[in-house]
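Colleague: I would like to learn how to read a few features of a protein model. Could we take them one at a time?

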2 protein chains.
Amino acid sequence: MTGHRTNMLLESLKKIVQKTPGAAGSILMGFDGIAVMQYLAPGCEDIDIESAAMEFSFRFIELRKAAQSLDMGDVTDITIKAERQALLCRVLSDDYFVAVLLTDLAHLGRGRWNLRAESADLRADL
Amino acid sequence: MTGHRTNMLLESLKKIVQKTPGAAGSILMGFDGIAVMQYLAPGCEDIDIESAAMEFSFRFIELRKAAQSLDMGDVTDITIKAERQALLCRVLSDDYFVAVLLTDLAHLGRGRWNLRAESADLRADL
C-alpha cells in the first residue's frame, strides 16, 4: 500500500470519528479479522477497537451467509446496539468492512450517515 | 397464553407493520428459534418470516455473547440491511426478540421507531 493511499484511508477513518459525536474510533478490517487501519479519537487510545471488530468479523460472515440463503441479497450494513456501546458496520467489498464504535448512543444516526458518506472513498482506496 | 394476551401481542405486531411503509411482516420469537406469533402484511402471506427470523436467532445469541464479552453491555437492537431486504430486531428479554422484515429499504428509520414504540407493550404482554 502506497503512502498516499494509506493517508487517504486514515483521513476517511478520521472524518467518520470526528464528525460523529460519541464515536470512540473507526476501523477498516478484513472479514478474516485482520485490521488494515484504525483511528481512535483523542482520549480513547486505550479502547481496543481491533479486538471488538475482530470478535464480530467472523460472526458477520455468518450473517452475510444467512442473508444470502434467505434471498435478502448481499448485506450492506450491520448495526449492533448495546447498553453502553454500539458498533456500526458497513460492508465495503466481499473482503472488507469499515466499522465505527460509539460510546455514546445519542448520535447513532449521524454515525451511520458518516459511515456511508466515507464508504465510497474508502472503497476507492482499497 | 390467554386469548386477551394473544390479542394484545398480535395487535402490537400488526401496528409495527401497518405503521411502517415497506414492512412485509413482524414476528415475536424466542432466541431458541421458536416463533410465538407473527403478522404478515396483506399480499405478503407467502413470505416465510419465521424461517428468516429463525435463521438469524442463533446468530443473534452469538452477537449478544460477543457484545457482553467486550463489555458493550446487553444488546438491545440488531439491524441487518441487505440489498433487497432488511431485518430490524429488538431484544425484549433474555429469551425473546421482536423483528420486522422490510422489503422496501426507504423507511428503515420509521421501522426502527415503531419497533421501539411497541416494545414496551410486547414486553408487558410476554
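Modeller: Start with a definition: a residue is buried under 20% relative accessible area, exposed over 50%, and partly exposed in between. Keep in mind that this model is predicted.

Colleague: Is B:E62 buried, exposed or partly exposed?

Modeller: B:E62 has a relative accessible area of 32%, so B:E62 is partly exposed. A:E55, at 28%, also counts as partly exposed. A:D71 counts as exposed, because its relative accessibility is 51%.

Colleague: How do I read the relation between two copies of a chain?

Modeller: Two copies of a chain are related by a rotation about an axis and a shift along it.

Colleague: Where do A:E55 and A:R59 lie?

Modeller: Both lie in helix 2 (residues 49-69) of chain A, four residues apart, which is about one turn of the helix. A:E55 and A:R59 form a salt bridge, with their closest N and O atoms 3.2 Å apart. A:R59 also meets B:E62 in a salt bridge, at 3.6 Å from N to O. This pair joins two chains, because B:E62 lies in helix 2 of chain B and A:R59 in helix 2 of chain A. A network of salt bridges links A:E55, A:R59, B:E62 and B:K65.

Colleague: Which residue meets B:R84 in a salt bridge?

Modeller: A:D71 does, at 3.2 Å from N to O. B:R84 lies in the loop between strand 3 and strand 4 of chain B, and A:D71 in the loop between helix 2 and strand 3 of chain A, so this pair joins two chains. B:R84 is partly exposed, because its relative accessible area is 44%.

Colleague: Which residues make the nonpolar surface patch?

Modeller: A:V36, A:Y96 and A:L126 make a patch of about 190 Å². Of these residues, A:V36 is found in strand 2 (residues 35-40) of chain A. A:V36 counts as partly exposed, because its relative accessibility is 31%.

Key
Residues numbered from 1 in each chain as written. Chains lettered and ligands numbered in written order. Predicted model: local features only at pLDDT ≥ 70, side-chain atom pairs only at ≥ 80, totals over all residues. Heavy atoms only, no water. Patch = residues over 30% accessible without salt bridge, like charges linked within 9 Å, V, L, I, M, F, W, Y side chains within 5 Å. Areas by Shrake-Rupley, 256 points an atom, 1.4 Å probe, with all protein chains shown as cover. Salt bridge = Lys/Arg side-chain N within 4 Å of Asp/Glu carboxyl O. Buried < 20%, exposed > 50% of the residue type's maximum accessible area, 1.4 Å probe, protein only.
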